There are 2 protein chains.
Amino acid sequence: MAKLTTRSEDYSKWYNELVVKADLAENSGVRGCMVIKPYGYAIWEKMRDELDKKFKETGHQNAYFPLFVPKSLFEAEEKNAEGFAKECAVVTHYRLKTDPNNPQKLIVDPDAKLEEELIVRPTSEAIIWSTYKNWIQSYRDLPILINQWANVVRWEMRTRLFLRTAEFLWQEGHTAHVTKEEAIEETEKMNNVYAEFAEKFMAIPVIKGLKSPSERFAGADETYCIEALMQDGKALQAGTSHFLGQNFPKAFDVKYTSKEGKQEYPWATSWGTSTRLMGALIMTHSDDLGLVLPPSLAPIQVVIVPIFKGDEQLAQITEVASDIVAKLKAKGISVKFDDDTQNKPGWKFAEYELKGVPVRMAIGPKDLENGTVEIARRDNLTKESQPLVNIDVYIENLLTTIQHDVFAKALNFRDTHITKVDSYEEFKKVLEEKGGFIYAHWDGTEEEEEQIKDETKATIRCIPLDDDIEEGVSMITGKPSARRVLFAKAY
Amino acid sequence: MAKLTTRSEDYSKWYNELVVKADLAENSGVRGCMVIKPYGYAIWEKMRDELDKKFKETGHQNAYFPLFVPKSLFEAEEKNAEGFAKECAVVTHYRLKTDPNNPQKLIVDPDAKLEEELIVRPTSEAIIWSTYKNWIQSYRDLPILINQWANVVRWEMRTRLFLRTAEFLWQEGHTAHVTKEEAIEETEKMNNVYAEFAEKFMAIPVIKGLKSPSERFAGADETYCIEALMQDGKALQAGTSHFLGQNFPKAFDVKYTSKEGKQEYPWATSWGTSTRLMGALIMTHSDDLGLVLPPSLAPIQVVIVPIFKGDEQLAQITEVASDIVAKLKAKGISVKFDDDTQNKPGWKFAEYELKGVPVRMAIGPKDLENGTVEIARRDNLTKESQPLVNIDVYIENLLTTIQHDVFAKALNFRDTHITKVDSYEEFKKVLEEKGGFIYAHWDGTEEEEEQIKDETKATIRCIPLDDDIEEGVSMITGKPSARRVLFAKAY
């Protein structure tokens with residue numbers, strides 16, 4: 001197994017290699033579309049199940065809406081349409097026929113042209129609000145709290161596995177409310193759900209904030225987000241929650257009769273996370289040996305590797321290992337005993353390091369004599385000998401410790417990569433030499449934002465929701481600034 | 001709430017009304033595509049979770065492959081391409097632009113024409129086998145046992161909610177094996193998984209069999225299926241499992257090095273079930289009052305309706321009900337206490353009957369005095385008074401009984417609607433007057449099959465896998481027949 005390119009050699013290459021070698025995903029025969037391989041999909045399933053549980057706990061139900069959006073619905077909400085028109089897959093025909101010039105080939109049947117083109121959903125506000133029109137008649141029909149797990153397509157020109165693909169998997173919540181306050185509360189609630197999920201489950205520290213107007217979702221009045229920091233000092237937006245105001249209700253003429261008998265527009269939100277989270281996971285925790293997974297997301301939490309010569313030793317180790325496996329499974333810990341005889345222990349060690357299995361247990365003849373096992377942690381690469389007695393309890397605690405430590409390490413990296421700067425010179429210097437988040441004043445205009453982006457590639461990741469509202473002046477124009485905002489180069 | 005059209009009045013209308021009124025699904029603004037509403041989706045989720053568990057128990061892993069199939073891959077397996085070319089959505093462009101004649105409108109940007117058209121997957125053998133080409137090098141890479149949960153699109157001209165929609169949700173298994181025997185074993189195993197799922201979980205009796213050559217999946221050497229019988233005497237194919245031979249490996253040039261060092265083609269299977277199962281569920285069990293759900297599939301298994309006058313009575317009933325709710329939940333039973341004060345009990349009774357909630361519990365002032373509750377079963381509409389003491393144990397057993405009885409009722413209907421016939425006259429008469437499955441001899445030719453279909457609309461649903469291999473002669477041509485096969489009109 002050839003070694004990975006290291007992060008310091010070429011971070012981008014390291015990422016691409018890791019995704020493929022750890023069997024997470026690969027590019028497909030379709031431009032920009034990925035194949036999510038079983039190991040990668042198993043991790044995504046864990047994320048999905050946990051998020052789904054949180055959505056249901058907060059009162060949401062799942063539903064499913066069509067893949068296609070007729071062009072006339074797509075263009076109804078102008079800003080949204082404008083935002084996605086440039087990168088959408090368009091279905092124009094509904095049939096192929098045999099090529100008259102080559103009976104082995106198929107061509108698009110020109111007689112099967114659709115009267116109205118269909119857009120493959122890049123997001124579902126349009127199709128969903130055109131549906132809600134029939135569902136919302138009275139204030140008693142509100143709130144509507146619906147989520148959808150689906151695939152969406154955005155025809156990105158430059159794609160990267162998980163981070164930016166033409167097709168990706170995601171969930172999108174779409175809610176409707178009687179009052180503006182309730183809709184804003186929902187928007188904030190779901191952004192908090194994302195933040196808690198990222199930190200507690202994925203062990204990824206995030207900063208909650210608001211997008212600047214230029215970075216808002218197309219069609220939103222306000223976009224909340226969670227921003228994470230990758231090891232190369234670039235930020236990654238890990239989830240967004242949009243307060244949509246009455247834009248979609250108005251575009252689709254959705255009104256309800258209020259308690260007072262008036263016709264009113266409801267207030268809307270939408271919120272989403274996607275397989276992009278896989279990219280955040282990889283780039284937050286992994287190292288030059290491969291993937292590092294927090295135990296909560298690991299398809300295999302513990303692997304047991306026997307170190308043996310001959311069948312008799314293997315049989316003895318298998319007996320001990322089977323007992324451990326049974327005890328760990330009883331505790332709900334996923335464990336694999338790798339008694340494959342084709343590959344050497346060293347090969348297996350490297351393989352499970354690459355795959356990010358949090359705990360490796362090696363059992364050799366000496367361990368049998370001493371009643372011990374060798375425990376290796378994937379996250380900090382430490383090894384220690386542990387007595388067999390109560391090993392299941394030890395492992396259970398160790399997994400909790402690892403979950404905590406993986407987060408703490410990422411948090412420490414993130415916190416040491418937030419730099420407060422007051423001059424544009426310093427801004428550029430920090431961006432160049434250190435990277436990470438830069439906490440600086442901004443005059444609130446799109447012009448300054450644009451200038452900074454053009455000159456440094458850094459964007460405003462968010463206006464944090466913390467209570468640090470120290471006033472100041474913009475580092476470029478010197479105009480007053482109500483508070484510092486968070487800049488970074490971003491994925 | 002207007003009553004449903006009855007089944008005897010108009011079975012087809014009854015079905016359509018029921019699907020919409022019970023909040024399962026509705027037609028969308030996109031031709032032939034449905035919206036699966038939260039209540040319908042909650043039932044589908046239960047099916048999906050149970051099937052997924054069974055797939056994993058039988059050694060399969062989930063993965064995800066692209067939505068799009070480039071035309072050149074699509075046409076590689078000729079029969080498969082031919083089978084689906086006539087009904088597929090084709091993406092030809094990747095961008096919209098503002099209409100120069102009307103800045104409010106969008107048009108397809110002619111400059112953004114794809115070099116190669118993309119087919120929205122109607123099934124994924126082509127894209128998956130083009131991927132497996134890179135995954136399969138050695139016999140050690142086999143078997144590959146993968147399943148995908150996805151949406152697919154088949155541009156059906158006449159659509160009906162759940163039964164036949166342009167887009168539907170499904171799962172598709174795609175496996176690769178070293179030997180033909182192993183692949184056939186897999187095909188049979190998964191057909192058995194489907195049969196057990198249908199009978200034990202959905203309470204739908206099915207007949208396992210093989211499709212006649214003309215009804216096989218396009219690209220398969222053999223198609224196994226499970227066939228169910230609806231209450232109107234028409235059959236419904238509820239799942240299929242295909243032995244694909246080496247057709248796709250050959251079409252995509254997938255070879256591996258065998259133990260003996262030779263280059264060999266692997267053997268393939270694929271198998272699928274879809275949201276069509278929702279149609280089977282509805283048409284197997286439901287009645288003129290609405291949906292009937294086996295408890296295993298019911299999003300709400302028990303509903304408690306208070307019968308009260310005034311707040312004081314409601315408070316007393318709520319106290320008793322809360323205790324029951326807690327006890328049922330502790331047993332893993334999903335329960336809803338409907339203390340809404342806007343709707344009368346009679347309205348609620350009708351609503352929960354429509355929604356198919358298996359058990360309704362009514363609690364009124366008399367019940368409080370007597371320490372009883374009134375239990376109503378949705379499946380057979382019986383009512384009885386039961387003591388409050390140990391009501392949770394009673395309900396738990398009752399749900400098991402209902403699951404059993406719903407299946408038994410469907411089985412009895414199915415079994416009394418299999419008619420053995422020996423003449424074509426009788427065949428037509430039974431088909432006309434009684435419907436159901438007809439067990440008859442056939443000469444094994446496509447011609448006879450075609451003639452019967454043209455004249456009666458009945459098709460061979462399957463060649464059953466039972467051991468009734470009584471020889472005979474075809475009812476039309478008089479030619480010898482190795483065994484009776486199962487005919488029916490079908491959805």
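The model is predicted: local features need pLDDT of at least 70, side-chain atom pairs count only at pLDDT 80 or more, and totals for chains, interfaces and linings use all residues. Residues are numbered from 1 along each chain as its sequence is written, while chains are lettered from A and ligands numbered from 1 in the order in which they are written.

- The same surface serves both copies, as 100% of the contact residues of chain B recur in chain A.
- In the interface, 52 residues of chain B are in contact with 52 residues of chain A (contact: C-beta atoms, placed from the backbone, within 7 Å).
- On the side of chain B that touches chain A, 32 residues are nonpolar, nine polar and eleven charged (nonpolar: Ala, Val, Leu, Ile, Met, Phe, Trp, Tyr, Cys and Pro; charged: Asp, Glu, Lys and Arg; polar: the others, Gly among them).

**Shared sheet**

- Six strands form an open sheet in the order 4(A)-8(A)-5(A)-5(B)-8(B)-4(B), with antiparallel pairing (strands: DSSP runs of E, at least two residues, numbered from the N terminus; pairing: at least two DSSP bridges).
- Its edges are strand 4 (68–70) of chain A and strand 4 (68–70) of chain B, each of which pairs on one side only.
- Strand 5 (residues 90–93) of chain A pairs with strand 5 (residues 90–93) of chain B in the antiparallel sense over three bridges.
- His93(A) stands opposite Val90(B), and Val90(A) stands opposite His93(B).

**Nonpolar core**

- The largest nonpolar core has 293 residues, and Ala198(A), Ile204(A), Ala228(A), Cys88(B), Ala198(B), Ile204(B) and Ala228(B) touch the most other members (core: buried Ala, Val, Leu, Ile, Met, Phe, Trp, Tyr and Cys residues joined through C-beta atoms within 7 Å).
- Beyond four places in sequence, the contacts of Ile204(B) include Ala198(B), Ala228(B), Leu281(B) and Ala410(B).

**Ala218(B)**

- Ala218(B) lies in the loop between strand 11 (207–210) and strand 12 (222–229) of chain B.
- Ala218(B) is partly exposed, because 19 other C-beta atoms lie within 10 Å (buried: 20 or more; exposed: 12 or fewer; partly exposed: in between).
- Not counting residues up to four places away in sequence, Ala218(B) touches Lys79(B), Asn80(B), Glu82(B), Gly83(B) and Phe84(B).

Definitions and conventions: Contact = placed C-beta atoms within 7 Å. Helix = DSSP H or I, 4+ residues; strand = E, 2+ residues; numbered from the N terminus.
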